[in-house]
Amino acid sequence: MKKSVSTIVLCTLFAISGSKAQSSEVQAVENTLIAFAEAGDRNDTEELKNYLDDNYRVVMNRLFGSSEVSVVPKSVYLEKIKTKEWGGDTRKLTIEGTTINGSSASAKVMFKGTKMTFVSLITLVKNEKGIWKLLSDIPMVEQ
């Protein structure tokens, strides 16, 4: 009986510590998403670079009347932000869900702005320094 109670207590402690670690990772991912959105709203490409992995890309599946999938690499994305073709809108960010899978994460987010509203599936990776960076953004325009 003692062994059984000890096992239950031990399992509970591991579960609690695991959920706290998961919770802090979720918070770190969400902080990265918030900072990313704010930098984009200000068209601040220098700050945006801090939140984007070198392999970052925007994957647009049939957006804006296209019948194709378009992939926009990090360099082109940053140029469009810099020239104010993209970004520069004050948006409300709603994080609808975040999932952590080791050193990878995904989030479903809504960017509601004055110009338009996007719902995006965003993938993030944690680098060797423990910093979360956006790897991909798959936006859909909400009607």
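This is a predicted model: local features need pLDDT of at least 70, side-chain atom pairs count only at pLDDT 80 or more; totals for chains, interfaces and linings use all residues.
**Entry 1: aromatic pairs**

I searched the whole structure for aromatic pairs and got three. For Phe36 and Tyr77 I noted ring centres 6.5 Å apart and planes at 20°; the pair counts as stacked because that angle is under 30 degrees.

Are Phe36 and Tyr77 buried or exposed? I find Phe36 buried, at a relative accessible area of 3%. Tyr77 is buried as well, at 8%.

Tyr77 also pairs with Trp86. I logged 6.1 Å from centre to centre and 55° between the planes, a tilted arrangement.

What lies over the face of Trp86? I found Lys80 there, at 5.3 Å from the ring centre.

**Entry 2: Ala37**

I moved on to Ala37, which lies in helix α1 (residues 2–41). Its relative accessible area is 5%, so I list Ala37 as buried. Which residues is Ala37 in contact with, leaving aside neighbours within four places in sequence? I noted Arg91, Leu93 and Phe111. I also took the C-alpha to C-alpha distance from Ala37 to Asp89, which is 9.8 Å for a separation of 52 residues in sequence.

I followed the strands in order along the chain. Strand β3 (residues 92–101) pairs with strand β4 (residues 104–112) in the antiparallel sense, over nine bridges. One position I checked in this pairing is Thr99, which stands opposite Ser106 in β4. Two residues separate β3 from β4 in a hairpin, and I noted a positive phi of about 65° for Gly102 in the turn.

How many bridges join β4 to strand β5 (residues 117–126)? I count nine, and the two strands run antiparallel. Here I checked Ala105, which stands opposite Leu124 in β5. β4 and β5 also form a hairpin, with four residues between them.

As a reminder for reading side chains here, they alternate between the two faces of the sheet in a regular strand.

Definitions and conventions: Residues are numbered from 1 along each chain as its sequence is written. Side-chain values use heavy atoms; hydrogens and water are left out. Buried means under 20% relative accessible area, exposed over 50%, partly exposed in between (1.4 Å probe, protein chains only). Contact means heavy atoms within 4.5 Å. Two strands pair if DSSP finds at least two bridges between them. Rings of Phe, Tyr and Trp (its six-membered ring) pair if their centres lie within 6.5 Å; planes under 30 degrees apart count as stacked, over 60 as edge-to-face and the rest as tilted. A charge sits over a ring if NZ of Lys or CZ of Arg is within 6 Å of the ring centre and within 35 degrees of the ring normal.
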